[in-house]
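Here are my notes on the model, written for someone new to reading structures. Please keep the 3D view open while going through the points.

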Amino acid sequence: MYSGSKLVGVLLFAMALIWSCSNNKNSEQEKGKSLTLKGLYSFGPEVKSFTDCDESREYWVIDSAKNLELAYNNLGFEKPYTPVYIEVEAHLVKSDTATITGGYDSTMVVTKLLKISKEIPEGPCNQ
């Protein structure tokens, strides 16, 4: 059978496995939580991306509010992908590694546009 030290090792491994699985569930639930994010948004035919000013993380953007892309286009840029400052309510979901979104930290699903501006504020976004 198992000696005392082997049994302790197996039990410690099992506890570590259970703990890591429960932590992953908590972080996934946290990702689905509604957040207010501030940063730079770029939009064009092939890329819809957001860079968080505070953490410098880059996200693929899904506009579930259906007004972010419209507001961006209404700013009248001649060229696509010109960054603008936005503040949005959104939640984060895991990016699909089999598509273009797989190269991003996560996918940001925008539920409400709070602010959009050509003026990029001083601070971490303007570096």
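1. Tyr41, Phe43, Tyr72 and Phe77 form one aromatic cluster. Rings of Phe, Tyr and Trp (its six-membered ring) are taken as a pair if their centres lie within 6.5 Å; planes under 30 degrees apart count as stacked, over 60 as edge-to-face and the rest as tilted. Lys118 sits over the face of Phe77, 5.1 Å from the ring centre. The criterion for such a charge is NZ of Lys or CZ of Arg within 6 Å of the ring centre and within 35 degrees of the ring normal.

2. A word on the source: this is a predicted model, in which local features need pLDDT of at least 70 and side-chain atom pairs count only at pLDDT 80 or more, while totals for chains, interfaces and linings use all residues. Residues are numbered from 1 along each chain as its sequence is written, and side-chain values use heavy atoms, with hydrogens and water left out.

3. How many aromatic pairs does the structure hold? There are 6 aromatic pairs. One of them is stacked, because the rings of Phe50 and Tyr59 have centres 6.3 Å apart and planes at 25°. Phe50 is buried, with a relative accessible area of 0%, and Tyr59 is buried at 4%. Buried means under 20% relative accessible area, exposed over 50%, and partly exposed in between (1.4 Å probe, protein chains only).

4. Trp60 and Tyr104 make an edge-to-face pair, because their ring centres are 5.5 Å apart and their planes at 65°. Trp60 lies in strand 3 (residues 58-63) and Tyr104 in the loop between strand 4 (84-93) and strand 5 (106-117), so the pair ties together parts 44 residues apart in sequence. Both Trp60 and Tyr104 are buried. Helices (H or I, at least four residues) and strands (E, at least two) are DSSP runs, numbered from the N terminus.

5. The largest nonpolar core has 17 residues, of which Tyr41, Ile86, Val88 and Met108 touch the most other members. Strand 4 gives the most to this core, with 5 residues. A nonpolar core is a set of buried Ala, Val, Leu, Ile, Met, Phe, Trp, Tyr and Cys residues joined through side-chain atoms within 4.5 Å.

6. Strand 4 runs antiparallel to strand 1, joined by 7 bridges, and Tyr41 has Val84 of strand 4 as its bridge partner. Strand 4 also pairs with strand 5 in the antiparallel sense, over 9 bridges. Two strands pair if DSSP finds at least two bridges between them.
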